[in-house]
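Reader: I would like to learn how to read some features of a protein model. Where do we begin?

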Amino acid sequence: MSFDLYADLAGQSKCPDSAELPAGLASGFVDGCTTWFARGELEADKKAGTQKKNDARNCYIKQAVTARLLPDEVAKLIDMRVRIPQLGWLAIEVSFTLQTPWYSKDDRLFHVLDNPVRKDPVFGVPYMSAASWKGVLRWACRMQAGLREHLSNGKRFEDWNDPGWILHLFGNEKRKGQDFHQGASVFYPTWFDKIGFEVINPHDRRRPAGTQPILYEVVPGRRPKADNPQELEDGGKGSLRLLYAPLPGAKQTAQRADFLPRLLEAIEQLLTKYGISAKRTVGWGTAEITTWRGWLKEQEPIEATSREEFQKQLEERLQAEGAR
């Protein structure tokens, strides 16, 4: 073995069939499979080239679906049971199980698959970035505030103005110049615990027949078990985590009691109805919410299995906090 990655890749005589996972899905193992696939592309013998490409693709798929994706080191990074340091701040964690596949295209330029799922560049674990959460939840809040009706009336999106509570939570756009201000919400990435594969087969509009099947690497949703199709296997699990943390001493442009019910309903609608996947227009990325949790300064954690119960407990705690 060479200590130079590229020299090591150039010297490999077969497709790698073992790997340190999940980090190998971000570098090392996946680099070896991709190099072997590229050798198949350059092979003069068409039959030998196709065999190398199939070996590389099949080896990657076999390793990816069996990987244990959330080792203890990663799990510790996503533990929200922390002490809230400031009165008025609120941490929310919404745990969910995917019902339909989740997909977001990876940033890697070269990969053994055409459509790899997005992965953390360090851990190799499928993940949804904090910026993505902020974007889709802002959109869900806009739908909650009447964006659908605005567009249905023939008005353009550019004519839409966010109400004050959305600006307070998410801030405004940087092109606002000196009026730019950051929102009071801080988002955290979500790491998922499974990898699976789905095939989309687009159909010709003129003939009811498939054209070219397209393979996607995804975080799987609920699906029949491979060894017993009569039973369903749970989909990938994840959690939405956000911290409501307005600047201490800053002027409040919206009251928590006014926007928190709207925010919680927007979270529920986003996960259970709209979906959080890049392909949510075909129904991907919907989930079942399993647990709502919340933390306030110097108070016991709040936990509930329904939004209504969580909201009720949260309002009681906020009233108690306001009376202090």
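**Reading helices and strands**

Author: This is a predicted model. We can begin with helix α8, residues 256-274, where Arg256, Phe259, Leu260, Leu263, Leu264, Ala266, Ile267, Glu268, Leu270, Leu271 and Tyr274 are buried.

Reader: What follows α8?

Author: Glycine 275, with a positive phi near 95°.

Reader: How is a pair of packed helices described?

Author: By the angle between the two axes and the distance between them. Here, α2 (residues 29-42) and α3 (residues 46-66) pack at about 160°, and their axes are 7 Å apart. Angles over 145 degrees count as roughly antiparallel, so α2 and α3 are roughly antiparallel to each other. The crossing of α2 past α3 is left-handed.

Reader: Which residues of α2 and α3 meet?

Author: From α2, they include Phe29, Val30, Cys33, Trp36 and Phe37; from α3, Ala56, Arg57, Cys59 and Tyr60 are among them. Sorted by class, this contact of α2 with α3 has eight nonpolar, six charged and three polar residues.

Reader: Now the strands. Where do side chains point in a regular strand?

Author: They alternate between the two faces of the sheet. In this model, strand β10 (residues 287-295) runs antiparallel to strand β1 (residues 90-98), and eight bridges join them. Valine 94 is opposite tryptophan 292 of β10.

Reader: How many bridges join β10 to β11?

Author: Three, and these strands run antiparallel, with β11 spanning residues 302-304. Isoleucine 302 in β11 stands opposite glycine 294. The hairpin of β10 and β11 has six residues between its strands, and glutamate 298 in this hairpin has a positive phi near 55°.

Definitions and conventions: Residues numbered from 1 in each chain as written. Predicted model: local features only at pLDDT ≥ 70, side-chain atom pairs only at ≥ 80, totals over all residues. Heavy atoms only, no water. Axes fitted to C-alpha atoms, helices over the stretch in contact; angles between N-to-C directions. Helix = DSSP H or I, 4+ residues; strand = E, 2+ residues; numbered from the N terminus. Parallel < 35°, antiparallel > 145°, perpendicular 65-115°, else oblique. Left-handed = near helix turned anticlockwise from the far one by under 90°. Contact = heavy atoms within 4.5 Å. Nonpolar A, V, L, I, M, F, W, Y, C, P; charged D, E, K, R; others polar. Buried < 20%, exposed > 50% of the residue type's maximum accessible area, 1.4 Å probe, protein only. Pairing = 2+ DSSP bridges.
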